[in-house]
Amino acid sequence: MNDFISLNQGSGGKLTHELIEQVFVGRFGMVKPLTDSAILKDTRCTLAFTTDSYVVDPLFFPGGNIGKLAVCGTVNDLAVSGAEPMYIAVSFIIEEGFPVNELVVIAESMAEEALKAGVRIVTGDTKVVEKGKCDKLFITTSGTGILNPDLEHISIARQVKTGDKLIINGPVGNHAIAVLGARDSLSFTSSVTSDCASLNHLIRNVTQNCNEIHFMRDLTRGGLATVLNELAAMIGGGIVIEEASVPVDEPVKGLCEILGFDPFYLANEGKVIIVVGAGEEKRVLDVMRSDPLGKYSEIIGEIIPDKKKLVVLNTSVGGQRILDMPSGLQFPRIC
Amino acid sequence: MKYIDEFRNKNLIMNLAVLIRKSVIRNYTFMEVCGGHTAAIHRFGIPFLLPDNVRLISGPGCPVCVTGTDFIDKAIAYSKMEKVIICTFGDLLRVPGTVSSLEKEKAAGADVRIVLSGLDALDIARMNPENKVIFLGIGFETTAPGTAATIKQAEKENIENFFLLSAHKVMPPAMEAIIKDGVNIDGFICPGHVATITGSSIFEFIPESFYLGCVVAGFEPADLLQSILMLIRQVNQNDPKVEIQYNRAVTLQGNLIAQKLMSEVFEPCDVPWRGFGIIPFSGLMLRKNFERFDIEKEVPVRIIFQEDNELCICGKILRGLKTPGDCLLFAEICFPENPLGACMVSIEGACNTWYRYKLNK
């Protein structure tokens, strides 16, 4: 195989097969013969099913790469819905000229992350497009998992009520700053690494050992503020957040100060917000903190009655303001 | 974080809030001139800590907000030309021109790049010698020295494809215009970063000629509350003067090297401010010996621009005569994602800040 992807490798013929065989099949542990669909047995139960596309630029960043991200993201979407992630389908769109060795590294980290999360990559597709028709590599992953019947209320927040507590599993904003720092266009580098991780083990730990879990959502694009506003809208109530309780790492804080960003709006790839019934929060916190991905968990706020469905932030200095949905991208400020 | 946490200490802030409550004997209205102050005040929820008779209004110190439609239209016109790269600070991207914005032009294929300083734009010029690289110079005395340094560097290296479209402005003439416009305030929270460069002495004319107090303030919550307290005391003692609260950064004379750079490269000119019209000697244009970097001299463009939506009161907000809450368009058809007026665009604009942070909109 050549060092760089060519259009011929997307032809569907021999070269496509060779690419799939040499880069993906073995690493993903796919079962041969490769058919048009993966046939999954023993699924007479309620399924969660999700899909997401990954177009991150740059493909490699401190703490991960597009492949790891694609697996974690799909695993997390399933896990926060109350499902046990099981199978993943993956689709690659590759730009002609893409270095094969980079594709191998990406496939390897996908395989590694899938193994860690305990999911199997069972089916996929590969397309090669002409140079300039896509930016290096895009990945789409879809995933399915069996929904825990006790957790069917989780994704729609049906049981959330006034007084419930909100817990987060660690500092916010690291992924966005890591990716931004890895870009050539903004001239800063930082020691911040992405929080990109599969959260299903942490979540299973919580759901198996605690009661009164009323809602879960992973914090991705739009950050904490977006999820909180979505939750307020869903439950038709308000949320109050204590700014001082929300963990933010020092380098992230510093860069946000310089660039004029708000860490509440920055993307994460390994953070989850869990809403628990009042009285159960200490237990949940203990369980979360005993997990490596929840070591820095904190209780950050609670559900309050509010017809206006506002997210109110008690600022760390004793002031008060709303925490609104972000509108569009955050841009670095002038001065 | 050092130099930040100390000024966000909750006990200190609560003490300052108590002192302010104890000091008030009447109604007070202060104008925070700088957009950075507006953003900080609302981000930290400062109005919540103030008694009802202390009112803060936002001034003209958000550089994006006061940049005229004509500047955006010119930038858009250049962005549509062949072999042109536009380099801009991020906030400018979404500002509406007469019919389009740089963000829309970027989506349509124009080469518009976000930079953090003029020197980043100069790098882009070095790497793309076949293109004209135009840096949109915007901002007050805080960013103008950076642009001046960039121009000097471009001259030194003889970089022929680097150009400036300047909307740089200086602060004092606008403050004077506001006072003459009849705004009813009891003092200014003066821009701390501007004063870092210029020194606090540039505000001396305000107490002298207009009998209004000035406190040069830092940008952390303790800075702002202390500055408000200092202004209240000035009013109570009927003793308007220029005081420096932000004394860890600001001196009387300011940064002399930066001032020299600015005056070497730029000269004052009359420029339009959104909402004010033309303010004499409030703009900065390149001096004759740096003229070759002026894109308007190199490639003149003609644009036909329209003023803002006639219901938009950005002008009055920037002059401190109205607040965003007075605007019929605010949060009805004017939103951060689709701004009609400039105050809704920048994260330091009064409308944008109100929209994002204010509890009772």
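Predicted model: local features only at pLDDT ≥ 70, side-chain atom pairs only at ≥ 80, totals over all residues.
**Entry 1: the A/B interface**

I started with the buried area: chain A and chain B bury about 3100 Å² between them, with 59% of it on carbon and sulfur atoms. I then looked up who takes part, and found 30 residues from chain A and 39 residues from chain B in the contact.

**Entry 2**

I went through the charged pairs next. The rule finds two salt bridges across the interface of chain A and chain B. I wrote one of them down: Glu257(A) pairs with Arg8(B), and their closest N and O atoms are 2.7 Å apart.

**Entry 3: the chain A side**

Which elements of chain A supply at least two residues each to the side that touches chain B? I get helix H7 (250-259) and strand S13 (320-322). H7(A) gives the most, with five residues. By class, I have 11 nonpolar, 11 polar and eight charged residues on this side of chain A.

**Entry 4: a helix pair inside chain B**

I moved on to helix H2 (residues 35-43) and helix H15 (residues 350-357) of chain B, which pack at an angle of about 10 degrees with their axes 10 Å apart. Angles under 35 degrees count as roughly parallel, so I put H2(B) and H15(B) down as roughly parallel to each other. From H2(B), I noted Thr38(B), Ala39(B), His42(B) and Arg43(B); they meet Ala350(B), Thr353(B), Trp354(B) and Tyr357(B) in H15(B). By class, I have four nonpolar, three polar and one charged residues in this contact of H2(B) with H15(B).

Definitions and conventions. Residues numbered from 1 in each chain as written. Chains lettered and ligands numbered in written order. Heavy atoms only, no water. Axes fitted to C-alpha atoms, helices over the stretch in contact; angles between N-to-C directions. Helix = DSSP H or I, 4+ residues; strand = E, 2+ residues; numbered from the N terminus. Parallel < 35°, antiparallel > 145°, perpendicular 65-115°, else oblique. Contact = heavy atoms within 4.5 Å. Nonpolar A, V, L, I, M, F, W, Y, C, P; charged D, E, K, R; others polar. Buried area = accessible area lost by both parts, 1.4 Å probe. Salt bridge = Lys/Arg side-chain N within 4 Å of Asp/Glu carboxyl O.
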